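Dear colleague,

Please find below the sequence and structure that I am handing over to you. My notes on what was found follow directly after them.

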Amino acid sequence: MNYLSVKSISKSYGIKTLFADVTFGVEKGDKTALIATNGSGKSTMLKILVGKESPDSGVVTYANDIKVGYLEQLPVYPPGTLIADLLEDLNEEQHLKAKQYLTRFALNDLSRSVDELSGGQVKRLALALVLLHEPDFLILDEPTNHLDVEMVEWLEKFLTQSNMTLLMVTHDRYFLDRVCNKIFELYQGVMYTHNGNFDYYVQKSREREEVKRATAERNSQLLKYELEWMRSTPQARTGKSKSRIDAFYDLKERAKYHEEDNKLEFGLNMQRLGGKILEMSNVSKSYGELNVLRDFDYVFKRGERIGLIGKNGVGKSTFLNLITGSVLPDHGRIKTGETVTYGYYRQEGIHLEEDKTIIDTLRDIAEVVNYGKDKVYTADQLLAHFMFPHKMHRQPVSLLSGGEKRRLYLLTILVQNPNFLILDEPTNDLDLLTLQKLEDFLQGYKGCLLVVSHDRFFMDQVVDQLFVFQGDGNIKGFMGNYSQYKEWLDAKQKEERKEKAEQKPQGIKPVKQREKVKRSFKEQREYEQLVKEIAALEDEKQAVESALNTETEYQSLQKLGNRLQEIKDLLDEKELRWLELDEIGG
């Protein structure tokens with residue numbers, strides 16, 4: 001069944017054409033991602049699909065009687081709106097679900113106003129509300145932005161198991177690979193369809209580029225022959241056919257091959273780091289009763305590449321601010337080496353002058369930048385390397401998309417040649433091409449690197465150790481990337497569950513045995529079986545209680561609640577019988 005049909009839609013802003021004559025469809029059950037570079041019109045297309053903007057031409061049609069849900073990239077609510085206000089029209093069943101979702105997304109206080117929430121909290125609130133209404137067709141614009149890794153993994157599992165039809169824009173490659181079964185790629189104004197996950201898309205897009213390259217090479221060889229013909233003597237030129245001359249210029253155009261118009265490919269000419277880089281001794285920081293850091297000690301070494309992971313609100317950004325001095329510790333010492341030059345990409349620190357041109361934004365920092373002995377780049381060249389073509393340089397910053405602004409902001413950080421690079425959620429709103437190029441750059445970066453990111457793929461590519469923020473000011477180190485840490489953590493939790501299952505049932509106090517009385521053979525068998533059954537029920541009870549905290553479907557919640565009561569009744573019955581048999585003695 002076709003849920004969405006898009007026929008020949010086009011959209012332009014002034015002289016800039018985002019896309020033209022684009023046609024595609026989404027079938028019931030599809031889990032589809034839309035991929036394109038920043039500024040190509042991904043968010044605009046989603047807004048057109050839900051009626052928030054109109055196409056210049058073309059038609060958007062939905063199947064009858066389906067419920068469509070939409071998560072905006074930057075949700076906005078009326079000033080003064082309370083979270084509770086957004087739940088007023090819900091029935092009892094939906095209120096139960098709302099509690100589950102809001103707890104999952106760390107938004108428990110319904111009396112809070114949206115004005116008090118951070119941009120990330122507003123995005124999580126909007127996500128909770130759109131999931132709450134259980135749409136048949138769900139359209140998501142960057143759903144993983146502002147979610148911590150645990151939340152991303154929960155959403156990944158939820159969407160994978162859900163029957164909802166999906167169309168989403170996201171740069172999270174693990175999320176794409178595990179959730180989606182179809183990829184729409186908007187490339188140079190043309191929509192390509194890839195029936196498979198993200199790995200399949202990468203394979204097919206590479207094959208397409210190889211075909212284009214090979215075709216361009218063949219055309220180039222033919223062009224040489226035609227060029228000799230065009231350069232022949234004036235006498236011969238008079239007899240040339242107009243059609244062959246036209247064909248020559250057409251061939252000349254087709255022989256051009258641009259794998260990508262602009263590339264992010266330069267190194268830093270940073271100052272060499274000295275022996276002393278950064279020392280943190282007995283550092284503590286708290287806000288009221290919230291402990292962010294407690295007696296933390298660490299000496300940073302040259303070339304370290306550290307990722308910071310943990311739930312939202314446990315202090316990762318505060319930790320970065322302590323390092324750079326914008327926040328002072330309650331006690332302890334933070335000493336930065338004399339040769340250290342920080343480059344700090346802040347999660348919410350984009351301060352670009354909207355009316356200034358793109359080129360002037362960069363020239364305010366540096367007109368010419370030296371990158372090594374033989375590399376000198378002008379501001380124009382740097383912008384081109386960062387995928388800002390020359391035709392964009394005189395445009396005001398206000399015309400850039402959210403992802404393009406982040407890319408420009410990142411460039412303003414890197415051109416300062418930092419030898420200690422700090423990146424706080426650098427992957428939000430960046431397109432896949434930019435992320436891949438940023439990863440390539442960071443893999444060759446010779447300075448110290450600290451990264452906070454919920455993008456697991458990105459972390460796996462650029463860091464080799466972790467600071468795990470466990471809450472209440474505790475930080476544990478781990479040597480390895482995120483996937484290695486997750487593998488270790490899963491194995492550890494599995495072993496703990498196994499050990500618990502082998503232990504004697506908890507909460508049962510042995511009763512003094514009667515003297516000179518023994519259990520019969522049948523009673524002994526029952527006694528031993530009860531020990532196993534009680535242990536199994538205790539494990540199931542814990543699993544059901546955990547599931548109740550994460551489940552979202554009302555019917556599933558009812559079943560889990562009923563099963564929990566059954567388990568409690570069975571435990572009472574079996575523990576009483578175990579006590580009777582234990583009193584008899586073996």
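**Aromatic pairs**

The count of aromatic pairs comes to 25, where rings of Phe, Tyr and Trp (its six-membered ring) pair if their centres lie within 6.5 Å, and planes under 30 degrees apart count as stacked, over 60 as edge-to-face and the rest as tilted. Please note that this is a predicted model, in which local features need pLDDT of at least 70, side-chain atom pairs count only at pLDDT 80 or more, and totals for chains, interfaces and linings use all residues. Residues are numbered from 1 along each chain as its sequence is written, and side-chain values use heavy atoms, with hydrogens and water left out.

A pair of aromatic rings is described by the distance of the centres and the angle of the planes. The rings of Y101 and W154 have centres 6.2 Å apart and planes at 80 degrees, so this pair is edge-to-face. Distant parts of the chain are linked by the pair, since Y101 belongs to helix α2 (residues 92-104) and W154 to helix α4, 53 residues apart. Helices (H or I, at least four residues) and strands (E, at least two) are DSSP runs, numbered from the N terminus. Both Y101 and W154 are buried, where buried means under 20% relative accessible area, exposed over 50%, and partly exposed in between (1.4 Å probe, protein chains only).

The rings of F296 and Y298 have their centres 6.5 Å apart and their planes at 25 degrees, so they are stacked. F296 and Y298 are both buried. They also belong to one aromatic cluster, together with F300, F319, Y342, F420, F467 and F469.

**Charges over rings**

A charge sits over a ring if NZ of Lys or CZ of Arg is within 6 Å of the ring centre and within 35 degrees of the ring normal. The charged end of R178 sits over the ring of Y174, 4.6 Å from its centre. Likewise, the charged end of R407 is placed over the ring of F388, 4.9 Å from the ring centre.

**An open sheet**

Three strands form an open sheet with antiparallel pairing, in the order β11-β10-β13; two strands pair if DSSP finds at least two bridges between them. The edges are held by β11 and β13, each with a single partner strand, so one side of each has no neighbour in the sheet. From one strand to the next, the twist averages 20 degrees. Axes are lines fitted to C-alpha atoms, for helices over the stretch in contact, and angles run from 0 to 180 degrees between N-to-C directions.

Strand β10 (residues 278-287) is joined to β11 (residues 290-300) by seven bridges. L278 stands opposite F300 in β11, and S286 stands opposite N291. The two strands form a hairpin with two residues between them, and G288 in the turn has a positive phi of about 65 degrees. Five bridges join β10 to β13 (residues 331-336), where I334 is the bridge partner of M280. Helix α9 (residues 316-324) lies across β10, β11 and β13, at about 130 degrees to β10; contact means heavy atoms within 4.5 Å.

**Positive phi values**

Most residues other than glycine have a negative phi, and most peptide bonds are trans. Which loop holds D65? D65 is found between β4 (57-62) and β5 (68-71), and its phi is near 65 degrees. At 79% relative accessibility, D65 counts as exposed. E142, with a phi near 55 degrees, lies in the loop between β6 (137-141) and α4 (149-161). At 4% relative accessibility, E142 counts as buried.

Yours sincerely
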